[in-house]
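Thanks for making time this morning. I would like to walk you through one model, so please have the sequence and the structure open while I talk.

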Amino acid sequence: MGSSGAGTSFKTYDAPVPNVSGTTVDSINNAGDFVGIYTVSGGSAAFAYASIDGPFITIPLGDNLPEASGINNLTQVVGSYGDSTGFHGFLRDPGETITATIDFPGAVQTVPLAINDAGYIVGYWTDNRTSHAFVIHLPDIFLSYDAPGVIGTSFSGINSSGLISGISTDKQRVAHVLIAQLQVP
């Protein structure tokens with residue numbers, strides 16, 4: 001364990017698989033469980049890890065850009081992957097199985113990025129022209145959001161109070177931070 005600065009410590013981590021050439025952690029919960037993606041010579045894989053010294057789990061999603069991008073305190077994991085039918089989101093419950101494929105209605109691509117403890121999932125979906133932010137609560141709440149006057153919107157995080165972070169891109173391709181409050185009709 002190394003340290004840098006007053007009161008800050010860190011530990012390096014590489015996915016414990018043969019021939020790993022890169023590891024990215026995308027999200028961590030309060031218990032220290034984290035998720036992300038690792039790369040090997042033949043491609044990449046999504047993973048879930050129960051703390052730095054816990055069990056390592058490769059999530060079976062195929063090899064077309066799989067990524068585990070969010071984990072909540074209940075160890076539910078969201079992410080995305082591609083297959084022969086398109087690019088989908090997924091929800092994985094703690095029992096190590098993919099419990100739901102997530103396809104936003106009308107989407108060419110669905111990319112969940114975060115999930116809170118109440119099960120609200122945020123991310124973005126794309127049509128043939130642009131990206132749109134979403135809030136999903138399975139099985140039947142699918143809400144799409146577009147910031148006014150922009151060419152793309154994405155939500156990237158949601159906390160237990162329903163406060164959402166994200167980004168929008170204006171017509172000049174300048175990115176702007178979004179903060180929104182979840183309001184379910």
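Let me begin with a question: is Phe-134 buried or exposed? Keeping in mind that this is a predicted model, the answer is that Phe-134 is buried, its relative accessible area being 0%. Its partner is Phe-104, and the two rings make a stacked aromatic pair, with 5.9 Å from centre to centre and 25° between the planes. Since Phe-104 sits in the loop between strand S10 (98–102) and S11, while Phe-134 belongs to strand S13, the pair ties together parts that are 30 residues apart in sequence. Phe-104 also counts as buried, at 7% relative accessibility.

Across the whole structure, the search finds 10 aromatic pairs. Another of them is Phe-47 with Phe-56, where the ring centres are 5.3 Å apart and the planes meet at 25°, so this pair is stacked. Here Phe-47 counts as buried, at 0% relative accessibility, whereas Phe-56, at 22%, counts as partly exposed. Both belong to one aromatic cluster, together with Tyr-13, Phe-34 and Tyr-38.

Turning to the nonpolar core, the largest one has 12 residues, among them Val-135, Ala-147 and Ile-158, and the elements that give two or more residues to this core are strand S13 (131–137) and strand S15 (150–158).

Finally, the largest pocket has a volume of about 250 Å³. Of its 20 lining residues, the closest to the centre are Ser-27, Ile-28, Ile-71, Ile-115 and Ile-158, and the lining as a whole divides into 6 nonpolar, 12 polar and 2 charged residues.

Definitions and conventions:
Residues are numbered from 1 along each chain as its sequence is written. This is a predicted model: local features need pLDDT of at least 70, side-chain atom pairs count only at pLDDT 80 or more; totals for chains, interfaces and linings use all residues. Side-chain values use heavy atoms; hydrogens and water are left out. A nonpolar core is a set of buried Ala, Val, Leu, Ile, Met, Phe, Trp, Tyr and Cys residues joined through side-chain atoms within 4.5 Å. Buried means under 20% relative accessible area, exposed over 50%, partly exposed in between (1.4 Å probe, protein chains only). Helices (H or I, at least four residues) and strands (E, at least two) are DSSP runs, numbered from the N terminus. On a 1 Å grid over the protein atoms alone, a cavity is a set of points where a 1.4 Å probe fits but cannot get out, and a pocket is an open set with protein on both sides within 12 Å along at least five of seven lines; lining residues have an atom within 4 Å of a point. Grid points are joined across faces, edges and corners, and a volume is the space filled by probe spheres set on the points. Ala, Val, Leu, Ile, Met, Phe, Trp, Tyr, Cys and Pro count as nonpolar, Asp, Glu, Lys and Arg as charged, and the others, Gly among them, as polar. Rings of Phe, Tyr and Trp (its six-membered ring) pair if their centres lie within 6.5 Å; planes under 30 degrees apart count as stacked, over 60 as edge-to-face and the rest as tilted.
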